[in-house]
Amino acid sequence: MPVEDPKHVLERVFGYREFRRDQEPIIERLISGGNALVLMPTGAGKSLCYQIPAMIREGVGIVISPLIALMKDQVDGLRQAGVRAAYVNSSLTADEARDVEMGMTRGDYDLVYVAPERLSTQSFLRRLDETRIALFAIDEAHCVSQWGHDFRPEYRKLDLLQERFPSVPRIALTATADTPTQAEVAKHLGMGETDIFVSGFDRANIRYRVVSKSSARSQLLSFLSTHHRGDSGIVYCMSRAKVEKTAAWLQGEGIDALPYHAGLDQRLREKHQQEFVHRDRVVIVATIAFGMGIDKPDVRFVAHLDLPKSLEAYYQETGRAGRDGLPANAWMCYGYGDAVLIRQMVERSQAGEERKRVEHQKLSALLGYCETATCRRQVLLRYFGEDHSGGCGNCDTCLEPVETYDGTVHAQKALSNVYRTGQRFGASYLAAILIGEADERARRNGHDRISTFGVGGELDRNGWTSVYRQLVAAGALDVDSEHGGLSLSENARPLLSGERAVELRRDAKPVRGSGASRGKSGPSVQELIASPGDRDLFEVLRAARLELAREQGVPPYVIFHDRTLLEMVRGKPASLDELAGIAGVGATKLERYGQIFLDALSSAS
Ligand code: ADP
Ligand code: ZN
């Protein structure tokens, strides 16, 4: 049988013309029988790297994935494109599983998805011995790493693959950036240096933005109603209680919001996740329990009402936005309380000295990101060891440059005020002293008679809170682990003595009212369409898609991505031939849905 060219498969099955930058060499490597460890950011297109070789090589591609809940959607997506795919996991009955396994040995499939615990059973391995295998793909390969946050013991056993099936090519894939994890995965899975393919980690379509917290809820609402009316997105909160409250409040504001956290009943949790994936317009409000392996390509925003745990976590969480490559927003609301809380958490941690030091560093990196007056993308990528020249043009600091000033005098006043009041108060008390406002407590403490009382008239209360926040973030102030009182750290000394100058940022004034910042935060999908008529047309296509998805019980995006609908709106194809030219329309989908979408296009225009 003549072997089909990868590019031809790309076009015929997936409806795409060109490979993305890093896909082709990886695909070539596997087709020729080699191994690959692929590090690519979310949304870069990892799946095609094993799907296409699996279709081209003889035999079935076995995909090992820890995300059982996702397998069905992944397989549904492939079947929509006409690929012979199936999955085996604990959601199937014993009979169903056996049928798939037998089909696999018969050669009925191009791809079979399987959970790692199933793969390593003796019975499954015996099946594999009787099967012609095209390749093994190990998805979420960082789960191998014992030091990583997603460690899965059953992933450790995957080294059996190279021992038992030495002639079958293996590809391991992950979006996790850090080098130690990378090395551990490579070693464990028997990959050599030349097998490693690293892509850059930049997510160019994501617009990063950090707003200074005044009233988080109304800031969130204003962000949503200005930029994301009708969009799907994720709002992250730190605690379960806050998740529930925020979701209920958003519902009250007319937003289709659903809560998700580990304390919810399992069934309810699954239902909410399902709704998020299967319906348009749902906003999920969640703790970090949500999101691992969410494949939904049209998540238009990720909002953080609280700080993430680290910059890695932030990158991963925000990375769930915009997998389809269309513009998406990563928005975070950050204030004095967040900086204090996170410092306290490290103080409280029971970890040993060495570990604490690492935690402090991670935390400083995170706070540094929040406080930076330079390009956020540059700061973020530098953390992962990647150079970026800055000036990305797609983050808040690039779009609306932050004003900084020589804040040495302000820092000195703020710090000596901490000293004079006995190093045990928080920012709001301290700010009041500086601007010369003494309440009952301050008078009782005699703080209306100290030398720093009233010396800070040049700023208001918010201004001083901002100064304190920046000093905490910069590590010039320590935070008491119980009461949150501020005290001077070693780093404060050179500032107080004037040996070191300090640059401070002037926070943007909070924007009141909803329309004020329109257009600045990155467009929603609707805003990508210029004419109102075309926006209606887009909605007509979305409705047609939803109906098809409902009938088959699959997520809308497995029918067509937003991106594909958007191209239809722009190109207005009038024949099946023209429709076939739209990215994302492969042969099978053209045959199944072509006429339906042509009809929708012509009826609405
Ligand atoms: P990852 O697993 O790396 O997060 P996916 O494999 O889910 O990414 O791909 C992300 C999106 O990019 C999908 O919607 C996929 O259809 C699309 N995509 C992948 N490769 C290409 C390509 N060569 N041309 C156009 N779109 C592509
Ligand atoms: Zn930038």
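The following legends describe close-up views of a predicted model. Residues are numbered from 1 along each chain as its sequence is written, with chains lettered from A and ligands numbered from 1 in the order in which they are written. In this predicted model, local features need pLDDT of at least 70, side-chain atom pairs count only at pLDDT 80 or more, and totals for chains, interfaces and linings use all residues, while side-chain values use heavy atoms, with hydrogens and water left out.

**Figure 1. Domains of the protein chain.** The chain is divided into domain 1 (6-198), domain 2 (206-399), domain 3 (404-505) and domain 4 (529-604); the bounds come from an automatic or database domain assignment. Between the C-alpha centres of domain 3 and domain 4 the separation is 59 Å.

Figure 2. Helices (H or I, at least four residues) and strands (E, at least two) are DSSP runs, numbered from the N terminus. Two strands pair if DSSP finds at least two bridges between them. Strand β2 (residues 60-64) pairs with β5 in the parallel sense over 5 bridges; V60 has I133 of β5 as its bridge partner. Strand β6 (residues 170-174) also runs parallel to β5, joined to it by 3 bridges, and F136 has R170 of β6 as its bridge partner.

Figure 3. E140 lies in the loop between β5 and α8 (153-156). Most residues other than glycine have a negative phi. E140 is not a glycine, yet has a positive phi of about 50°. With a relative accessible area of 17%, E140 is buried.

Figure 4. The structure holds 1 cavity of 30 Å³ or more, and the volume of the largest cavity is about 60 Å³. On a 1 Å grid over the protein atoms alone, a cavity is a set of points where a 1.4 Å probe fits but cannot get out, and lining residues have an atom within 4 Å of a point. Grid points are joined across faces, edges and corners, and a volume is the space filled by probe spheres set on the points. The lining consists of G230, D231, S232, D280, R281, K296, D298, R300, R542 and D562. These divide into no nonpolar, 2 polar and 8 charged residues, where Ala, Val, Leu, Ile, Met, Phe, Trp, Tyr, Cys and Pro count as nonpolar, Asp, Glu, Lys and Arg as charged, and the others, Gly among them, as polar. R281 is in the loop between α13 (266-278) and β11. Its phi is positive, near 75°, and R281 is partly exposed at 37% relative accessible area.

**Figure 5. Surroundings of T287.** T287 is found in the loop between β11 (283-286) and β12 (299-304), and counts as buried at 9% relative accessibility. Not counting residues up to four places away in sequence, T287 touches Y236, C237, M238, S239, R240, V243, Y260, H261 and A262; contact means heavy atoms within 4.5 Å.

**Figure 6. Surroundings of N417.** N417 is in helix α19 (residues 408-420) and counts as buried at 0% relative accessibility. Apart from neighbours within four places in sequence, N417 is in contact with L430, I433, L434, I450, T452 and Y468. The C-alpha atoms of N417 and V243 are separated by 37 Å, the two residues being 174 residues apart along the chain.

Technical notes: 1 Å grid on protein atoms, 1.4 Å probe; cavity = no way out; pocket = protein on both sides within 12 Å on 5 of 7 lines; lining within 4 Å. Buried < 20%, exposed > 50% of the residue type's maximum accessible area, 1.4 Å probe, protein only.
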